[in-house]
Amino acid sequence: MQNQIQHYLTAAMRQEEQFTELYNQYASGIRKLCLGYTGDAMLAEDLLQESFVKVWKNMEKFRGDAAWSTWIYRIAANTCLTHLRKKNEQFVDADEERLAMIPDDERNKEQEVQLLYKCISKLAETDRLIITLVLEDKPYEEIAEITGITENNLRVKIHRIKKQLSEIYNSYERL
């Protein structure tokens, strides 16, 4: 009985350490992914937390068939998609108007980043995931695995997404 308790405690401590490492390694990227889906920093933070709660609850089910990053990004993308479908949210909000009214010379880097994520939130669901992973410098092989498409198709999609994203971004510049 004593050995079982000791074994359980050791396993729990190992899981907590591993979770902490995973969180420290991937939270920043997952936050950006969530921001890309929502365009809202506070909502992105909520979805980040929700994603890592799911990671914690399902760590024992991780089989190692894919990299941890692939598994975690997939959980986060599914969490974002589920949330968006439930809420059927529209991404038009006051932030768009606020950002559009800021003169170019007053925009700082953070505002540019916010605008970029606003633009990303206008893309189709899969495209948001892909471009966010590209911005995270994930290898194409890993992005293809996460999204479930071939690398060749991925390259074509990335080209189209960048073009579409550029058009969306430029539309803000004209306002």
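Apart from neighbours within four places in sequence, Thr147 is in contact with Arg74, Leu129 and Ile130, where contact means heavy atoms within 4.5 Å. The structure is a predicted model, in which local features need pLDDT of at least 70, side-chain atom pairs count only at pLDDT 80 or more, and totals for chains, interfaces and linings use all residues. Residues are numbered from 1 along each chain as its sequence is written, and side-chain values use heavy atoms, with hydrogens and water left out.

Thr147 belongs to helix H7 (residues 140–147). Helices (H or I, at least four residues) and strands (E, at least two) are DSSP runs, numbered from the N terminus. With a relative accessible area of 16%, Thr147 is buried; buried means under 20% relative accessible area, exposed over 50%, and partly exposed in between (1.4 Å probe, protein chains only). The side chain of Thr147 reaches the backbone oxygen of Ile143 at 2.8 Å. An α-helix has 3.6 residues a turn, so residues three or four places apart point the same way.

Leu129 and Ile130 are among the buried residues of H6, which also include Asp127, Arg128 and Ile131. In helix H6 (residues 125–135), 8 of the 11 residues are buried, so this helix is largely enclosed by the rest of the structure. Asp137 follows H6 and has a positive phi, near 60 degrees.

Aromatic rings of Phe, Tyr and Trp (its six-membered ring) pair if their centres lie within 6.5 Å; planes under 30 degrees apart count as stacked, over 60 as edge-to-face and the rest as tilted. The count by this rule is 7 aromatic pairs. The pair of Phe62 and Trp68 is stacked, because the ring centres are 3.8 Å apart and the planes stand at 20 degrees. Phe62 is buried, at 18% relative accessibility. Ring pairs also join Phe19, Tyr23, Phe52 and Trp56 into a cluster.

Tyr8 is located in helix H1 (residues 2–38) and is exposed, at 60% relative accessibility.

The chain as a whole contains 8 helices and 0 strands. Of its 175 residues, 41% are buried. Among contacts between residues at least 6 apart in sequence, 66% join residues at least 24 apart. The accessible surface of the chain is about 10800 Å², and 50% of it belongs to carbon and sulfur atoms; accessible areas come from the Shrake-Rupley method with a 1.4 Å probe, and for residues only the protein chains shown count as cover.

Note on methods
A polar contact is a pair of N or O atoms within 3.5 Å; within protein, one must be able to donate a hydrogen and the other to accept it, and residues adjacent in sequence count only if both atoms are side-chain atoms.
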